[in-house]
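Dear colleague,

Please find the structure below, handed over for your own work. My notes on what was found in it follow directly after.

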Amino acid sequence: MMRRYVVMFVLTISFLAGAARAQGFFVTINGGLSKDMRSKTENFWKMGYNIGAHGFISLPGIAIGGRIAYHSWSADGEGRIKEYNPGVNYSITSVSGSQSMIEIVPSVRVALVNPPVGTRIDVQAGFGLFIVSPGDVTISGNFSVPGTTGSGSITFKSESLTGFGPQIALPFTIAGKIEIMPLYAAYSAKGDWYNYYALNAGIRFGM
């Protein structure tokens, strides 16, 4: 199923890039660092990456469009041990497992600073869909508790999530072409709230 989402993601970016030739429409292809903060106490996932695109139709005083992106994070073994086995001294020898996510977020964009030349600053806000696909995480290593030492492996079973929530970003556009965009999003899935942040850089095409 995740392969299907990736194919849809690539086709959507290709469509947006082609549509950027239309008057009054612009699209930005970007990528950068991404950090999932799904755990409530310790980190489950390390800093990873995301690639994506957003496209907007420019209207007087506002732009309407949306963002689609793919995220990937590898498992953080230390964080899981601290959260699930706080009384165990554990020397990790290997960690396997990763998580990916597709975000589809309809958004609006309003200019905060828009000089004739120089850096344009916008605020971008939306509400969208977040499809999370984690894999099983296996941690191997040596452990010790009072009176016992040994070695072994722990496997955490995966559970896919589909959630909805808000996203806010602050795009900086330099010379009309280079865009730097920090963003933050939170989403609700199966009764819990999760969140992540990202810092992206990209190229803007179109009007």
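In the hairpin of β5 and β6, five residues lie between the strands, and G118 takes a positive phi near 105°. Strands here are DSSP runs of E with at least two residues, helices are runs of H or I with at least four, and both are numbered from the N terminus. The model is predicted: local features need pLDDT of at least 70, side-chain atom pairs count only at pLDDT 80 or more, and totals for chains, interfaces and linings use all residues. Residues are numbered from 1 along each chain as its sequence is written, and side-chain values use heavy atoms, with hydrogens and water left out.

Strand pairing around β6

β5 (residues 98-113) and β6 (residues 119-134) are antiparallel and share 12 bridges; two strands count as paired if DSSP finds at least two bridges between them. Within this pair, I104 is opposite L129 of β6. β6 also pairs with β9 (residues 161-169), again in the antiparallel sense, over nine bridges, and there I131 faces T162 of β9. With β10 (residues 172-174), β6 forms three antiparallel bridges, where T119 stands opposite I174.

Two residues in their surroundings

T173 belongs to strand β10. T173 is buried, because its relative accessible area is 2% (buried is under 20%, exposed over 50%, partly exposed in between, with a 1.4 Å probe and protein chains only). Leaving aside residues up to four places away in sequence, T173 touches G118, T119, R120, I178, E179 and R204; a contact means heavy atoms within 4.5 Å.

G191, by contrast, sits in the loop between β11 (178-189) and β12 and counts as exposed, at 69% relative accessibility. G191 and G163 are 28 residues apart in sequence, with their C-alpha atoms 9.5 Å apart in space.

The largest pocket

The volume of the largest pocket is about 270 Å³. Of its 16 lining residues, those closest to the centre are R38, F44, Y84, K157 and E159. A pocket is an open set of points on a 1 Å grid over the protein atoms alone, where a 1.4 Å probe fits, with protein on both sides within 12 Å along at least five of seven lines; lining residues have an atom within 4 Å of a point. Grid points are joined across faces, edges and corners, and the volume is the space filled by probe spheres set on them. α2 (77-84) and β12 (192-206) each contribute at least two residues to the lining.

With kind regards
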